[in-house]
Every structure is written in C-alpha cells, then in structure tokens.
Amino acid sequence: MLERIITQPDPYEPYLLSQGIRFGNLLFISGQAGAGDDGRIVDGGFIAQGEQAFANLQRALEAGGSSLRDVIKVTIFVTDMGHFQDVVALRRQFFSAPYPADTIAEIKALYDPRAMIEIEAIAAVRQQGGGDAR
C-alpha cells in the first residue's frame, strides 16, 4: 500500500505532488528546496538555502517515520557546481557515517529562479507513524 506523506505547511499540494510516499519500509521524499514555511526561498545565499533544504528534508523524513540518519540515497541538484565544496560541507553537517549514496548534478534552473539547491531522498523507515494513507 502506498502512503502519502504530508507536512504542515504543505507547499506541494497546489502542484498535485506529495511531500513523500512510503511503500513498505522505504520512504521516497520529493525534492526539498531552500524555502521557508511561507513558501519563499530564504535569503542568505547558497549555504542558507542548503540548510533550509536539509531542514525541510528532515521534516518530511520525520513525517514519514524516518530521519536523516536513515537516508539510503540522496540526489542533490544545484544550479552552480561551483558550490560543490559547500554541498560537501552541508553533507558533513547533516549526515554521518555511513554516508548515503549520493548524486550531485548541476541543472539549468529549479522551480523558482532564486532557488540554488534542491534535495530528494530515499530512506529506510524504522518507526511507524505520520503520513496519510491513500
């Protein structure tokens, strides 16, 4: 059974997207950008956006019964690969060994012209709870 993961606020609802989907003991989290609760990209540059994106990722993971330490695979999209070392620093700040499998890709643009980073993840679910069954 697929279970929809919802956080509050849910900035994905107007776009017919789910924050995440849990299937069995796996959790698939949609891309999380550096947007605050108001849906606007945070000020402060790449690191500030990255920290917010990781905070959003953590919130979605927890809503699905998982956590940052349970991330198996992460994909990080950046609009400028010149921030590669910043991504490594963010990974060091938010993940610990064993580090998740990772893909980092430079893309032309994200959904908001101000967005510089977006993170999606696949994680293990170790606890039940959260979500909204569908």
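I began with Arg22 and Glu3, whose side chains meet in a salt bridge at 2.5 Å, N to O. I count a salt bridge when a side-chain nitrogen of Lys or Arg lies within 4 Å of a carboxyl oxygen of Asp or Glu. This pair links distant parts of the chain, with Arg22 in strand 2 (residues 20-23) and Glu3 in strand 1 (residues 2-5), 19 residues apart. Helices (H or I, at least four residues) and strands (E, at least two) are DSSP runs, numbered from the N terminus.

A note on the source: the model is predicted, so I take local features at pLDDT of at least 70 and side-chain atom pairs only at pLDDT 80 or more, while totals for chains, interfaces and linings use all residues. Residues are numbered from 1 along each chain as its sequence is written, and side-chain values use heavy atoms, with hydrogens and water left out.

Next I looked up accessibility. Buried means under 20% relative accessible area, exposed over 50%, and partly exposed in between (1.4 Å probe, protein chains only). Arg22 is buried at 4%, and Glu3 is buried as well, at 15%.

I then turned to Arg59 and Asp37, whose side chains form a salt bridge at 2.9 Å, N to O. Arg59 lies in helix 1 (residues 45-63) and Asp37 in the loop between strand 3 (26-33) and helix 1, so the pair ties together parts 22 residues apart in sequence. Arg59 is partly exposed at 28%, whereas Asp37 is exposed at 53%.

Another entry is for Asp102 and Arg91, a salt bridge with its closest N and O atoms 2.5 Å apart. Asp102 is in strand 5 (residues 101-106) and Arg91 in helix 2 (residues 84-94), eleven residues apart; the pair links distant parts of the chain. I find Asp102 partly exposed at 27% and Arg91 buried at 13%. The count of salt bridges comes to five.

Last, I went back to helix 1. It has 19 residues and reaches 27 Å from its first C-alpha to its last, close to the expected 27 Å (1.5 Å times one less than its number of residues). Its buried residues include Phe46, Gln49, Ala53, Phe54, Leu57 and Leu61. The buried residues of helix 1 pack against strand 1, strand 3, strand 4 (71-78), helix 2 and strand 6 (117-124), where contact means heavy atoms within 4.5 Å. Just after helix 1, Gly65 takes a positive phi of about 85 degrees.
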